[in-house]
Amino acid sequence: MSRMRCLTAIAVAALLVTGCSGEMSTLDPAGEAAETLRNLSWGVYGAFLAVAAAVFGLILWPVVRRRRGSFDEHAPVGIGGGEPWILVGGFAVPFVVLAGVFVAGLQTMSAYPLQNGAIPAPEIVVTGNQWWWRVNYVAGPPAMQFETANEIHIPVDTLVDIEVRSADVIHSFWVPRLHGKVDLIPGMPNRIRLHAERAGVYRGQCAEFCGAQHAHMSFLVIAQPMDEYAAWLDHQRRPARIPESEEARHGLGVFNASACSMCHTIRGTGARGRIGPDLTHLASRRTLAANTLVNNRANLMAWVTHAQSLKPEVEMPNITQMTGEELRVLATFLEELE
Ligand code: CUA
């Protein structure tokens, strides 16, 4: 094999392999619903490949046949007599292929309850906002309920019912490795049932264009063994921990005195804003700004002062009136919200 051909083969193989795995691949399922969708996808790809092979075969056929001899090169071109080709290739074959795909699609869809009646009482409510995800755990009495954002923890190998809502425009909840998409429609709650067969972190993404930062409206589904999940629930139900260091206490003061507390809630403090994400356990989350930035001190400070540069048009304003010292103690306080 020549070097060029070898490189091409490697490139094609790499494309094929990387196309089948990765955190946003529907071909790398980690749950039963996603497996069914993967099987449907392969079925459809197979059908399309067969059709494409037949069509290209038919295109190449006269070319190959003609090479055999050039005697009839100047013979008149025969026209007419192609009606059966049109009937079979233009109608019968597409009808069979498309009807097959349609029926297989309907079967796949009907196997998963998305209708409101099919899932009685979801324990998690996810609300799409421009451009982040409010996550409410609503099981049990009010004292057991809590709110978080952009990270949905679920127990592994358990059916988890989620209600999805929208606070503004239409969004779409999509975790490719766990399930298909479900729309978040204002005024019309929908439901989806997730099932992760293996513990892990599954990336989700808004799959309906919803404005300037649609691409930065991402989230994580974190599937944990039951005991870890129970410990997480227990921790999240608690109010924020009281700042220990002098610096963090000063930071809480800065938080309450600035615009922060108008939009954010920190349970256990006076901050009860409802516009932005609940920050009670902010430091326990992996990311900031709906899975846009890694949750670390540098990004926290950058987000506070330059949200509009990092995620233009987001509701979070640039907070520019703080001194360097105030920003530093604020970051220390936020970092302690485990
Ligand atoms: Cu929300 Cu796109």
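**Note on the predicted model: strands, sheet and helix packing**

1. In strand β2, the side chains of W132, R134 and N136 point one way and those of W133, V135 and Y137 the other way, and all of them are buried, where buried means under 20% relative accessible area, exposed means over 50% and partly exposed lies in between, using a 1.4 Å probe and protein chains only. Strand β2 covers residues 132-137, and since six of its six residues are buried, it is largely enclosed by the rest of the structure. Helices (H or I, at least four residues) and strands (E, at least two) are DSSP runs, numbered from the N terminus.

2. This is a predicted model, in which local features need pLDDT of at least 70 and side-chain atom pairs count only at pLDDT 80 or more, while totals for chains, interfaces and linings use all residues. Residues are numbered from 1 along each chain as its sequence is written, and side-chain values use heavy atoms, with hydrogens and water left out.

3. Which strands pair with β2? Strand β1 (residues 124-129) pairs with β2 in the antiparallel sense over six bridges, and β2 also pairs in the antiparallel sense with strand β3 (residues 146-149), over four bridges; two strands pair if DSSP finds at least two bridges between them. β1 and β2 form a hairpin that has two residues between them. Two positions can be looked up directly: T127 stands opposite R134 in β2, and N136 has E147 in β3 as its bridge partner.

4. For the protein chain as a whole, there are eight helices and twelve strands, and 40% of the 338 residues count as buried. Contact means heavy atoms within 4.5 Å, and among the contacts in the protein chain with a separation of 6 or more, 61% are between residues 24 or more positions apart.

5. Five strands form an open sheet with mixed pairing, in the order β4-β10-β9-β6-β7. β4 (151-155) and β7 stand at the edges with a single partner strand each, so one side of each is left without a neighbour in the sheet. Neighbouring strands of this sheet are turned by 25 degrees against each other on average, direction ignored; axes are lines fitted to C-alpha atoms, for helices over the stretch in contact, and angles run from 0 to 180 degrees between N-to-C directions. Helix α4 (residues 226-237) packs on the sheet, where it touches β4 and β10 (218-224), and its direction makes about 135 degrees with that of β4.

6. Within this sheet, strand β6 (residues 171-174) runs antiparallel to β7 and is joined to it by four bridges, and the two form a hairpin with six residues between them. S172 stands opposite D183 in β7. β6 is also joined to strand β9 (residues 200-206), again antiparallel, by two bridges, and the bridge partner of W174 in β9 is Q205.

7. Helix α5 (residues 246-257) packs against helix α8 (residues 324-335) at an angle of about 105 degrees, with their axes 7 Å apart. That makes α5 roughly perpendicular to α8, given that angles under 35 degrees count as roughly parallel, over 145 as roughly antiparallel, 65 to 115 as roughly perpendicular and the rest as oblique. The residues of α5 that meet α8 include L252, V254 and F255, and those on the α8 side include V329, L330 and F333.

8. E336 lies in the segment after α8 and is buried, with a relative accessible area of 16%. Leaving aside neighbours within four places in sequence, E336 is in contact with R241, P243, E244, S245 and A248. The C-alpha atoms of E336 and S284, which are 52 residues apart along the chain, are separated by 9.1 Å.

9. The structure holds zero disulfides, a disulfide being a pair of cysteine sulfur atoms within 2.5 Å. The cysteine sulfur closest to that of C260 is in C263, at 8.7 Å, which is too far for a bond. C260 counts as buried at 11% relative accessibility, and C210 counts as buried at 5%.
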